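Student: Could you walk me through how to read a structure like this one? I'd like the general idea each time, and then the case at hand.

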Amino acid sequence: MAIDDYWFKNAVIYCLNVATYMDCNGDGIGDFEGLSRRFDYLAALGVTCVWLQPFCCSPNRDNGYDISDYYGVTPRFGTSGDFVECMNTAQALGLRVVVDLVANHTSIDHPWFQAARADRKSPYRDWYVWADRRPRNHAQGTVFPPVQKTTWTRDRKAGQYYFHRFYDHQADLNTWNQAYREELYKIMGYWLQLGVSGFRMDAVPFLVEKKGANVKPAKDFALLQEMRRFLQWRARDAILLAEANVPANESMHYFGDEGDRLQMMLNFPVNQRLYYAFATHDPKPLKRALRDTIANIPRDAQWVQFLRSHDELDLGRLTEEQRAKVFQVFAPDATMQLYNRGIRRRLAPMLGNDRRRLELAYSLLFSLPGTPMIQYGDEIGMGEDLSLNEREATRTPMQWTGEPHGGFTSAKKSVLPVVDGGIFGYQKVNVNAQRRDPNSFMNWITRLIRVRKECMEISWGECEVIDCDADPVLVLVYRFRKAAMLSLHNFSDVAQSLHLKVRDKGGGRLIDLIGSEHSRAGPRGIHEIALDGYGYRWFRIGAVDETLSRAPY
Ligand code: GLC
Ligand code: CA
């Protein structure tokens, strides 16, 4: 396989919702035209792939994840024509677009559900999951406790209960129904034909599950294989990126042993332990999660690493004790917590807006084995609005300028309020101001992305977690063909010094890729490396020429 064939391995993904990115027609809601005008910003930042959150027709009771027509775009954002214009602009700038595929459930407003509930004999009846009586375990397994209290809700018209993993307005589809599967492929084919480079697949563990009252638990992973086969037949370089918050040892079911299911998965095991390490300065559980996730990945697949997403920061897989420690540091107030397991805050406020810690976090994001994903607004250090409902706290509009509504809209009222005033208000935190300041966080990230793109070892290579003589430091080594790299991250606020023996056929030098403090090996080939409190270093191993930014792959 040629090195650049798998574009997703060296991609920089950026996640955004059209609704809150840029409003062009002044109605207070972001739109495709506004987004089109901001693609140049994203390309200049170094982003190569934009993940668009749901933009199909929807009553919008869950941020668009409640779809009522998979083939139409919501008029709130514009027309299908505007979408295609938007795709054209992205393409012209070399940006790929990946879109959400919400295949696990529809809105109860969807005509399929309406037909299903109206008539037991409707072919759509079996597209959903029904029961005459409410199963005894109906209060278990809801994804949004305690907001959503049951997974089975009675529909009067249907005369039965329907199953829903998420909110009661999101009826679960029976993904084992063959006719539904065929429709699903049609949906995929439709968006591929319009130029998308793949799908971020929503809620995959639920998608493959056998659903119903009193059914024996079963999972049909062949569905993922079928979807992949269809995808690759229609568009050879398109990808499937899974949202599957499962333990590391289950991930191979999603990737497939042969790499024949999903190419990418969001790395939840690492994400949760990352916050544990930020909170406690102890990277041990993180190291384990890294080792476990690296071990469980087929050659052609890739993890997507992320710091924050549009959802709550889900800490559900930490031990209770670990979670309590993270809550104590990052969400001491009950209003900051959500669904008994997560945190509804943005990155910058959690890290106390401390530049050293923010740089540490992003240096990690871009050097963890996998493809980095940025949540819109995190590149300028936006904050949250805890007065908003549930996960909306972190979904406020993008802050472009110091003008009213942060330059997001010229309307009097915007779709969600822009963060106004204080340390994180648009007056202080906005793209315009950071663009003009060479030391801004945004310009720092832009430079880091540039370095990252020249480090194929991280995206293509084998990564190894190395133990060292400084406990709060995470050391990773990456090897790809003839090149090798090293990254070090200090989770503690106290400076560290550590000793590393580096196998190296070159002149015993480590070339500093971010600063210019190269390291020369001491006796017996041992390097002594110093790290400031929350410090980070990236080195290329064995380069003979320090002007050589690109490794000899
Ligand atoms: C996924 C999405 C989340 C949504 C849910 C239901 O978890 O990330 O935002 O609410 O699916 O579709
Ligand atoms: Ca608009």
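Predicted model: local features only at pLDDT ≥ 70, side-chain atom pairs only at ≥ 80, totals over all residues.

Student: Which strand is Ser497 found in?

Tutor: Strands are DSSP runs of E with at least two residues, helices are runs of H or I with at least four, and both are numbered from the N terminus. Ser497 is found in strand β22, which covers residues 496-501. Residues are numbered from 1 along each chain as its sequence is written, chains are lettered from A and ligands numbered from 1 in the order in which they are written, and side-chain values use heavy atoms, with hydrogens and water left out.

Student: Is Ser497 buried, exposed or partly exposed?

Tutor: Buried means under 20% relative accessible area, exposed means over 50%, and partly exposed is in between (1.4 Å probe, protein chains only). Ser497 has 37% relative accessibility, so it counts as partly exposed.

Student: What is Ser497 in contact with, leaving aside its neighbours within four places in sequence?

Tutor: A contact means heavy atoms within 4.5 Å. With those neighbours set aside, Ser497 touches Ala470, Glu528, Ile529 and Ala530. Look at Leu531 too: this residue is 34 residues from Ser497 along the chain, yet their C-alpha atoms are separated by 6.1 Å.

Student: And what about Ser519, which strand is that in?

Tutor: Ser519 belongs to β24, residues 519-520. With a relative accessible area of 9%, Ser519 is buried. Beyond its neighbours within four places in sequence, Ser519 has contacts that include Gly508, Arg509, Glu528, Ile529 and Phe539.

Student: Which residues coordinate the calcium ion (ligand 2)?

Tutor: Donors are N, O and S atoms within 2.8 Å of the metal (3.2 Å for Na, K and Ca), and water is not among the atoms, so sites may look incomplete. Here the donors come from Asp23 (OD), Asn25 (OD1), Asp27 (OD), Ile29 (O) and Asp31 (OD), at 2.3 to 2.4 Å. Along the chain they follow the spacing D-x1-N-x1-D-x1-I-x1-D.

Student: Are Ile29 and Asp31 buried or exposed?

Tutor: Ile29 counts as buried at 17% relative accessibility, and Asp31 counts as buried at 5%.

Student: Zooming out, how many helices and strands does the chain have?

Tutor: The chain has 16 helices and 26 strands. Its C-alpha trace spans about 80 × 55 × 45 Å along the principal axes. Buried residues make up 62% of the 553 residues. Of the contacts between residues at least 6 apart in sequence, 68% join residues at least 24 apart.
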